[in-house]
Amino acid sequence: MTHYVFLKYKEGYFNDETFAELSRLFKAAVDAMPELTDFSVKRNILPRDVNMDLMISFKAPGPEYIPVYVKSDLHMAAAKVSGPHETARFSFDCE
């Protein structure tokens, strides 16, 4: 399965520096679980009110891995940095 997360940030927060920091933090969280593969992080290139700023994706063997990842210490650390600046967050899981 593939897990996607889309994040929108408060005006003025998201820039090259925060993109690099968030990419590093979320990658570390995924890399800590060998079952998770194909990590990708992308930033939006077309500014529109309806677009998110950041997209994170990775593959997992099944849906039971997502709650383990979400509750992991490294993911919680990434969420602690990202969360206070988010105005929207969506996730999507598919085969």
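This is a predicted model: local features need pLDDT of at least 70, side-chain atom pairs count only at pLDDT 80 or more; totals for chains, interfaces and linings use all residues.
1. Buried means under 20% relative accessible area, exposed means over 50%, and partly exposed is in between (1.4 Å probe, protein chains only). Under that definition Glu86 is buried, at a relative accessible area of 15%.

2. Residues are numbered from 1 along each chain as its sequence is written, and side-chain values use heavy atoms, with hydrogens and water left out.

3. The sheet. Helices (H or I, at least four residues) and strands (E, at least two) are DSSP runs, numbered from the N terminus. Two strands pair if DSSP finds at least two bridges between them. Here 4 strands form an open sheet in the order β2-β3-β1-β4, with antiparallel pairing. β2 and β4 are the edge strands, and each of them pairs on one side only. On average, neighbouring strands of this sheet are turned by 10 degrees against each other, direction ignored. Axes are lines fitted to C-alpha atoms, for helices over the stretch in contact, and angles run from 0 to 180 degrees between N-to-C directions.

4. Pairing of β3. Strand β3 (residues 54-59) pairs with strand β1 (residues 2-9) in the antiparallel sense, over 6 bridges. One of the residue pairs is Thr2 with its bridge partner Lys59 in β3. Strand β2 (residues 37-43) also runs antiparallel to β3, and 5 bridges join the two. Between β2 and β3, Arg43 stands opposite Leu54, and Ser40 has Ser57 as its bridge partner in β3. As background, strands of a sheet pair through backbone hydrogen bonds, either parallel or antiparallel.

5. Ser40. This residue is found in strand β2. Ser40 counts as buried, at 19% relative accessibility. Contact means heavy atoms within 4.5 Å. Leaving aside neighbours within four places in sequence, Ser40 is in contact with Met55, Ile56 and Ser57.

6. Helix α1. The helix covers residues 16-31, and its 16 residues should span 22 Å at 1.5 Å a residue. The expected span is 1.5 Å times one less than the number of residues. The end C-alpha atoms of α1 are 22 Å apart, which agrees.

7. Placement of α1. The helix lies across β1, β2 and β3, and runs at about 165 degrees to β2. Which residues of α1 are buried? They are Thr18, Phe19, Leu22, Ser23, Leu25, Phe26, Ala29 and Val30. What covers them includes β1, β2, β3, α2 (65-71) and α3 (73-82).

8. Salt bridges. A salt bridge is a side-chain nitrogen of Lys or Arg within 4 Å of a carboxyl oxygen of Asp or Glu. By this rule the count comes to 3 salt bridges. Asp16 forms a salt bridge with Arg43, with the closest N and O atoms 2.7 Å apart. Asp16 lies in helix α1 and Arg43 in strand β2, so this pair ties together parts that are 27 residues apart in sequence. Asp16 is exposed, at 56% relative accessible area, whereas Arg43 is partly exposed, at 32%.

9. The other salt bridges. Lys27 and Asp31 meet through their side chains at 2.6 Å, N to O. Being 4 residues apart in helix α1, Lys27 and Asp31 are separated by about one helical turn. Lys27 is partly exposed, with a relative accessible area of 38%, and Asp31 is partly exposed as well, with 46%. The side chains of Glu86 and Arg89 meet in a salt bridge of 2.7 Å, N to O. Glu86 is the buried residue of point 1, while Arg89 counts as exposed, at 57% relative accessibility.

10. Gly83. Gly83 lies in the loop between α3 and β4 (86-94). Gly83 is partly exposed, with a relative accessible area of 25%. Gly83 and Tyr9 are 74 residues apart in sequence, and their C-alpha atoms are 8.9 Å apart in space.
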